[in-house]
Amino acid sequence: MENSALDYITLALAVGGFVLGVTNYLTDLLRRRHRARITFANSYSALGHIGLGVTVENNGETTFTVCDIGFDVKRKRQLLIPFKDGDKLPKVLHPGEHCEVIIPGDSYLNADGRDIEYVFARLPSGQKFRSKKLTREFLGI
């Protein structure tokens, strides 16, 4: 049995369709991931340092809820969660939205404050987003 040019064209179209289907599936999976950016800045009042301002921004295409904001501690690898404001958390963030909170300085300027490495935001599913590394100078320790 001989193969005609039509058989080769059909095979090429089938392989091309398969490759495009797998590519679209993987792209869709990656697009639906939760993406967030966490930024921080020192907050000051007229009397001096009052805390750490934390902003959580939804950079992805899906909506998610932020339930906790706190600190990762260096050696113990435990979570130090000094802040839970009933008025602001949990907060639903739609694509492009952000939430801002101020963590009071007295909650992290203690003995454990020397071991703080990152600010994190945790979702109800347990997924955690971390900020850039905090320095001791930035925290005022």
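User: Where is the place of Ser131?

Analyst: In this predicted model, Ser131 is in the loop between E9 and helix H2, which spans 136–139.

User: Is Ser131 buried or exposed?

Analyst: The term rests on relative accessible area, and buried means under 20%. Ser131 has 8%, so the residue is buried.

User: Which residues does Ser131 touch, not counting residues up to four places away in sequence?

Analyst: With those sequence neighbours left out, Ser131 touches Ile38, Phe40, Tyr118 and Val119.

User: What sits over the ring of Tyr118?

Analyst: A charge sits over a ring if its atom is close enough to the ring centre, within 6 Å, and also within 35 degrees of the ring normal. Over Tyr118 sits the charged end of Arg130, 3.8 Å from the ring centre. The ring of Phe120 has the charged end of Lys128 over it, 5.3 Å from its centre.

User: How many aromatic pairs does the count come to?

Analyst: Two rings pair if their centres lie within 6.5 Å. The count here comes to one aromatic pair. The partners are Phe64 and Phe129, with ring centres 5.7 Å apart; their planes are at 40 degrees, so the pair is tilted.

User: Which parts does the pair tie together?

Analyst: Phe64 belongs to strand E3 (residues 64–66) and Phe129 to strand E9 (residues 128–130), so the pair links parts 65 residues apart in sequence.

User: Are Phe64 and Phe129 buried or exposed?

Analyst: The cut-off for buried, under 20%, applies again. Phe64 counts as buried at 4% relative accessibility. Phe129 is buried too, with a relative accessible area of 10%.

How values were computed: Residues numbered from 1 in each chain as written. Predicted model: local features only at pLDDT ≥ 70, side-chain atom pairs only at ≥ 80, totals over all residues. Heavy atoms only, no water. Phe/Tyr/Trp six-rings, centres within 6.5 Å; stacked < 30°, edge-to-face > 60°. Helix = DSSP H or I, 4+ residues; strand = E, 2+ residues; numbered from the N terminus. Buried < 20%, exposed > 50% of the residue type's maximum accessible area, 1.4 Å probe, protein only. Contact = heavy atoms within 4.5 Å.
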